Amino acid sequence: QVQLIESGEGLVQAGGSLRLSCAASGRTFSSLSMGWFRQAPGKEREFVAGISRSGSPPYYADSVKGRFTISRDNAKITVYLQMNSLKAEDTAVYYCAADLRPTTRGPYNYWGQGTQVTVSS
């Protein structure tokens, strides 16, 4: 079993930046593919970014490409989502996800509890 704990919740003005973190436990971190998803009010959960256990390049949703960066620190057993040039439409609950298979876009079997990101316009 994999446990995921997100942090970095915040309220930021449009154009600002925020970094989310997700710490994983339960499995060797380097064996996990990691991803970020988000769910805005009234909308379905959507993929944001993913980084595979295999070392292949990260993959991003078109809506965040060039603004968000996913990275991982295997020594700190943490995956990050650096979010720059934030827009009001980035407002959502952000979820960390993990899987034992080599993947970027998923599917993912393990999920965190979510952390709120609010961007004011």
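**Reading the model**

Modeller: Arg67 is buried, at a relative accessible area of 10%; buried means under 20% relative accessible area, exposed over 50%, and partly exposed in between (1.4 Å probe, protein chains only). The model is predicted, so local features need pLDDT of at least 70 and side-chain atom pairs pLDDT 80 or more, while totals for chains, interfaces and linings use all residues. Residues are numbered from 1 along each chain as its sequence is written, and side-chain values use heavy atoms, with hydrogens and water left out.

Biologist: Where does Arg67 lie, and which backbone oxygen does its side chain reach?

Modeller: Arg67 sits in the loop between strand E6 (59-60) and E7. Strands (E, at least two residues) and helices (H or I, at least four) are DSSP runs, numbered from the N terminus. The Arg67 side chain reaches the backbone oxygen of Ser85 at 2.9 Å. Its contacts (heavy atoms within 4.5 Å), leaving aside neighbours within four places in sequence, include Met83, Ser85 and Asp90.

Biologist: How do I read the phi of Ser85?

Modeller: Most residues other than glycine have a negative phi, and most peptide bonds are trans. Phi of Ser85 is near 50°, a positive value. Ser85 lies in the loop between E8 and E9 and is partly exposed, with a relative accessible area of 42%. Ile77 also has a positive phi, near 45°. Ile77 lies in the loop between E7 and E8.

Biologist: Which residues does the cis peptide bond join?

Modeller: The cis bond joins Gly106 and Pro107, with omega about 10°. Pro107 is in the loop between E9 and E10. Thr103 lies in the loop between E9 and strand E10 (110-111). A polar atom of the Thr103 side chain lies 2.9 Å from the backbone nitrogen of Gly106. Thr103 counts as buried, at 12% relative accessibility.

Biologist: How many disulfides are there, and what do they tie together?

Modeller: A disulfide is a covalent bond between the sulfur atoms of two cysteines. The cut-off is a pair of cysteine sulfur atoms within 2.5 Å. The count here is 1 disulfide. Cys22 is joined to Cys96, S to S 2.1 Å. Cys22 lies in strand E3 and Cys96 in strand E9, so the pair ties together parts 74 residues apart in sequence. The link of Cys22 and Cys96 is left-handed, with -80° about the S-S bond. Both cysteines are buried.

Biologist: What is the strand order in the open sheet of 4 strands?

Modeller: Strands of a sheet pair through backbone hydrogen bonds, either parallel or antiparallel. Here the order is E1-E3-E8-E7, with antiparallel pairing; two strands pair if DSSP finds at least two bridges between them. Strand E1 (3-7) and E7 stand at the edges with a single partner strand each, so one side of each has no neighbour in the sheet. E3 and E8 pair over 6 bridges. Leu18 stands opposite Met83 in E8.

Biologist: Which residues touch the most other members of the largest nonpolar core?

Modeller: In soluble globular proteins, nonpolar side chains tend to be buried together. A nonpolar core is a set of buried Ala, Val, Leu, Ile, Met, Phe, Trp, Tyr and Cys residues joined through side-chain atoms within 4.5 Å. The largest core has 34 residues, and Leu4, Met34, Trp36, Val79, Leu81, Met83 and Tyr94 touch the most other members. The largest share, 5 residues, comes from E9. Not counting residues up to four places away in sequence, Leu4 touches residues including Cys22, Met34, Cys96 and Trp111.

Notes
A polar contact is a pair of N or O atoms within 3.5 Å; within protein, one must be able to donate a hydrogen and the other to accept it, and residues adjacent in sequence count only if both atoms are side-chain atoms.
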